[in-house]
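Me: Before we talk about this model, I would like each label to be set against the cut-off behind it. Please take the terms one at a time.

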Amino acid sequence: MQSESESKTSLQSVYKSGLCDDCQVGLQYLSGDISGGNARSIAMLQAFQEAIRDYRVLSEKTLVRDLTAKISSYVSFFIECRLHSISMGNAIRFLKSRIAKLPLMQSESESKTSLQSDIERFIYKKIILANKVIVKHAVTKVRDGDVLLTVVVVDSRPKLRGKLLLRRLVEKGLCCTYTHINAVCYTMNEVIRVFLGASSVLSNGTVYSGVGTACVAMVAHAVRVPVLVCCEPYKFHERVQHDSICSNELGLKTMIELSSCLLSGKKVDALPYIDASYDATPSDYVSMIVTDYGMIPEGYCVPYPGHSCPANKCTCNCKGNIAENSGLQILDGYSVTVLV
């Protein structure tokens, strides 16, 4: 685990790193001005675009090796500011694979133009367009009169990010209810369908998302409320994880201290606390995963890029096989997705 407080770097070290052109994005990660898997991935890729545009290869070096090393140094700086998400890691691997496949005889300008176009396509197709298609798929599950948990906004300390969602919904003219997560058991009785977002969907079906997601999904499952998770395919990962203890990101301790002071009126010095950023929701508590490739119901195969199971018979530990009469079609080795 990595704490954000441990990631604070001095301005002197930032300038010594030689990454001044991209330090603004990293510092925005650190301050929280850029948050969310998609926003962080887009900001990082756009920073890479700027770096590739200004890049000049030295005569004694090859473009593929030197540019890969440059990208790795940028990634190291971003990680110093804040541990990168799974989706950001997938985007980094995509860019490095594109660099590695550049023809050796291609000119520097042509290679740079090709990489910038690849990044632009990735942002549009894998993030922006995928998000719009996911919304269209998810809307088919909403009927007139439904009360959703995205309208009954459930929030939690210390960051209280639900207020941002509440503000956006109110601006759209929706009538909303705002409550904290400790009241979710009461609120769930008014809900017909729950929509959740995800930072990643792992190969064993576990949904890796912001802390509190697992609590909401388990309460919904207990009262038989369907839980739909929406996630873009570029967030899928081959990792297998059953809990959020073995791998997680720790937030700033100062935020917990401030929250404790506001609630109790005094500072509790001996209070042991861990501000985990993510939690893991077992697939048993998810009714359906919504992706831009389609919707996948509970208990079905969750393939990921490189998944080798046959079309209708799954040999991995995924609780079953893909039914021929399910009407599902898995395209290009992708599977599950999540929507907020």
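Reply: Of the 340 residues of the protein, 43% count as buried, where buried means under 20% relative accessible area, exposed over 50% and partly exposed in between, with a 1.4 Å probe and protein chains only. This is a predicted model, in which local features need pLDDT of at least 70 and side-chain atom pairs count only at pLDDT 80 or more, while totals for chains, interfaces and linings use all residues. Residues are numbered from 1 along each chain as its sequence is written, and side-chain values use heavy atoms, with hydrogens and water left out.

Me: Why is Arg224 called exposed?

Reply: Arg224 has a relative accessible area of 77%, and the cut-off for exposed is over 50%, so the label applies. Arg224 lies in the loop between helix 9 (213-222) and strand 7, helices (H or I, at least four residues) and strands (E, at least two) being DSSP runs numbered from the N terminus.

Me: What makes the phi of Arg224 worth a remark?

Reply: Phi of Arg224 is near 60°, a positive value in a residue other than glycine. Most residues other than glycine have a negative phi.

Me: What do the buried residues of helix 6 pack against?

Reply: The buried residues of helix 6, among them Leu115, Phe122 and Ala130, pack against elements including helix 3 (37-54), helix 4 and strand 11 (288-291), with contact meaning heavy atoms within 4.5 Å.

Me: Why is the second largest cavity called a cavity, and which classes of residue line it?

Reply: A cavity is a set of points, on a 1 Å grid over the protein atoms alone, where a 1.4 Å probe fits but cannot get out, and lining residues have an atom within 4 Å of a point. The volume, the space filled by probe spheres set on points joined across faces, edges and corners, is about 30 Å³ for the second largest cavity. The lining has 6 nonpolar, 1 polar and 1 charged residues; Arg82 is in the lining, and Arg counts as charged.

Definitions and conventions. On a 1 Å grid over the protein atoms alone, a cavity is a set of points where a 1.4 Å probe fits but cannot get out, and a pocket is an open set with protein on both sides within 12 Å along at least five of seven lines; lining residues have an atom within 4 Å of a point.
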